[in-house]
Amino acid sequence: MRPNREISISKEHMAELADHAERAGALESCALLLGAKGAVRDILYADNVDPRPRQFFSIAPDQLLGAYRAAERRGLEVIGIFHSHPASGAAPSDTDMRFMRTNPVVWVIYSGQTREFRAHVTPEGGGGGTETVAVVVTAGASEAGA
Ligand SMILES: [Zn+2]
């Protein structure tokens, strides 16, 4: 079944995110996805300040606030939260699901194990579980400038 929602991201941004994740090695990496109307326009890389960064990620409140300010200045929104699972699949963990409810944007997860991206969202109107969001890969920079 086709997911109800989608997020579009350029091939270049996908490559950058994968690179960011791979460089973090065994640690989870994270970033904020800025954009509009479901299309990612910019990535703000964040530091994983979690005390257990192999299993979890946390973004420092000032970095998070900075991202929201940067988005507003550019007329964009924080449309997604990215993080990686270095040694497991791209499905949200129980902890992810809990935080997805308080941060109801699209959660994009990169698996260092399968090297795939998957996007998830909490269903509208609450309830349990998550729904898959389609990741649409766009050609990139040339298109964004049009
Ligand atoms: Zn996770």
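Start by selecting leucine 32: its bridge partner in strand β4 is isoleucine 81. Keep in mind as you click around that this is a predicted model.

Now widen the selection to the two strands involved. β2 and β4 (residues 77-85) run antiparallel, with 6 bridges joining them.

Next, look at the other partner of β2. Strand β3 (residues 39-46) pairs with β2 in the antiparallel sense too, over 7 bridges. To check one spot, pick cysteine 30 and you'll find alanine 46 of β3 standing opposite. Then follow the hairpin between β2 and β3: 2 residues sit between the strands, and lysine 37 takes a positive phi near 45°.

So is β2 mostly buried or exposed? Select residues 30-36 and have a look: 6 of the 7 residues are buried, so the strand is largely enclosed by the rest of the structure.

Time to go inside. The largest nonpolar core has 27 residues, and Ile7, Leu33, Val106 and Val108 are the ones with the most contacts inside this core. Among the elements that give two or more residues to the core are β1 (6-10), α1 (11-23), β5 (106-111) and β6 (117-121). As a rule, nonpolar side chains in soluble globular proteins tend to be buried together.

Stay with isoleucine 7 for a moment. Setting aside neighbours within four places in sequence, isoleucine 7 is in contact with several residues, including Gly38, Ile79, Ala119 and Val135.

Last stop: helix α2, residues 61-73. Its 13 residues reach 18 Å from the first C-alpha to the last, close to the 18 Å expected at 1.5 Å a residue. After α2 comes glycine 75, with a positive phi near 70°.

Methods: Residues numbered from 1 in each chain as written. Predicted model: local features only at pLDDT ≥ 70, side-chain atom pairs only at ≥ 80, totals over all residues. Buried ≥ 20, exposed ≤ 12 C-beta atoms within 10 Å, placed from the backbone. Helix = DSSP H or I, 4+ residues; strand = E, 2+ residues; numbered from the N terminus. Pairing = 2+ DSSP bridges. Expected span 1.5 Å × (residues − 1). Core = buried A, V, L, I, M, F, W, Y, C linked by C-beta atoms within 7 Å. Contact = placed C-beta atoms within 7 Å.
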